[in-house]
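I opened this entry to look up what surrounds the ligand.

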Amino acid sequence: MSKPPIVKDAYALTSAEAVKELYRDWAVSYDIGFSVSQGYQIPREVALAFFGAEGVGPVLDVGAGTGLVGEQLAALGDVTIDGVDLSAEMLAVAATKGHYRDLIEANILQPLPTQQRYIGIVSAGTFTLGHVGPEGIVGLLDVAEQGALFVIAVNAEHFESAGFAAMLDDIHNRITDLSFKDIRIYDDRASEDHVDDMARLIIFRTV
Ligand SMILES: C[S@@+](CC[C@H](N)C(=O)[O-])C[C@H]1O[C@@H](n2cnc3c(N)ncnc32)[C@H](O)[C@@H]1O
């Protein structure tokens, strides 16, 4: 069997097809082989920030993957959670955990196949190099209720290089209470080349 993907492979993706292929191979080993072994801590940080800002459901977990954010939301509070992800295999793992009402297999860069509107939108690990850029956040405004709380983690290098600040400027009249929190992506268990990687939580409400 070939080796599971590593973070460097994920950062180098260039298309939705490549994303699907990589996560097809990663789904089964992701939680233990990646998240636990690297001390991946963004899902918990996102859930803490969400409840810290008095978030309520229904919540959409964007790029839900194997459901690590859902696990943390369920551990810290009581909210209805839906998840969306490109990868059927990642969502199949999330489904086994029993925290999601609905799991939607879709590309968030296209209009989402749901009539549901959300009062919370969260994301971890999806707005990163080789994955989704700032336009993904603009699209999510269409599935957000008025007053919806967004807590979106963005890889810090991606935040700078992909123009997230300019996007936030462009949508300034559609959002309020904008704040940021800079966090480590991993704890000290991470490999030497990623142990200092940072993410920026973008926190705001829609108007
Ligand atoms: C690093 S994983 C993060 C999964 C989970 N949120 C976590 O923190 O463990 C990134 C996820 O984003 C998904 N993804 C990437 N691009 C996407 C897109 N355009 N639309 C939907 N999901 C996408 C991938 O399939 C993958 O499951």
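**Around the ligand**

I began with residue classes: the shell around the ligand has 13 nonpolar, seven polar and one charged residues. I am working from a predicted model.

Next I asked which residues come nearest. Of the 21 residues around the ligand, these are Y30, Y40, G63, D85 and A124.

I then looked up where the shell comes from. Two elements, α2 (16-26) and β4 (118-127), each supply at least two of its residues. The largest share belongs to β4, with three residues.

A polar side-chain atom of Y40 lies 2.7 Å from a ligand oxygen. For D85, an N or O atom of the side chain is 2.6 Å from an oxygen atom of the ligand. I also found L86 here: a polar atom of its backbone is 3.2 Å from a nitrogen atom of the ligand.

How much of the ligand's accessible area does the protein cover? I noted 96% of the 600 Å² that the ligand has on its own. I looked up the site as well: the ligand sits in the largest pocket.

**A loop residue**

My last stop was D187. I located D187 in the loop between β6 (175-184) and β7 (198-206). Is D187 buried or exposed? Its relative accessibility is 19%, so D187 counts as buried, the cut-off being under 20%. I also recorded its partner: the side chains of D187 and R189 are joined by a polar contact of 2.7 Å.

Definitions and conventions: Residues are numbered from 1 along each chain as its sequence is written. This is a predicted model: local features need pLDDT of at least 70, side-chain atom pairs count only at pLDDT 80 or more; totals for chains, interfaces and linings use all residues. Side-chain values use heavy atoms; hydrogens and water are left out. A residue is near a molecule or strand if one of its heavy atoms lies within 4 Å of it. A polar contact is a pair of N or O atoms within 3.5 Å; within protein, one must be able to donate a hydrogen and the other to accept it, and residues adjacent in sequence count only if both atoms are side-chain atoms. Accessible areas come from the Shrake-Rupley method with a 1.4 Å probe; for residues, only the protein chains shown count as cover. On a 1 Å grid over the protein atoms alone, a cavity is a set of points where a 1.4 Å probe fits but cannot get out, and a pocket is an open set with protein on both sides within 12 Å along at least five of seven lines; lining residues have an atom within 4 Å of a point. A molecule sits in a cavity or pocket if more than half of its atoms lie within 2 Å of its grid points. Helices (H or I, at least four residues) and strands (E, at least two) are DSSP runs, numbered from the N terminus. Ala, Val, Leu, Ile, Met, Phe, Trp, Tyr, Cys and Pro count as nonpolar, Asp, Glu, Lys and Arg as charged, and the others, Gly among them, as polar. Buried means under 20% relative accessible area, exposed over 50%, partly exposed in between (1.4 Å probe, protein chains only).
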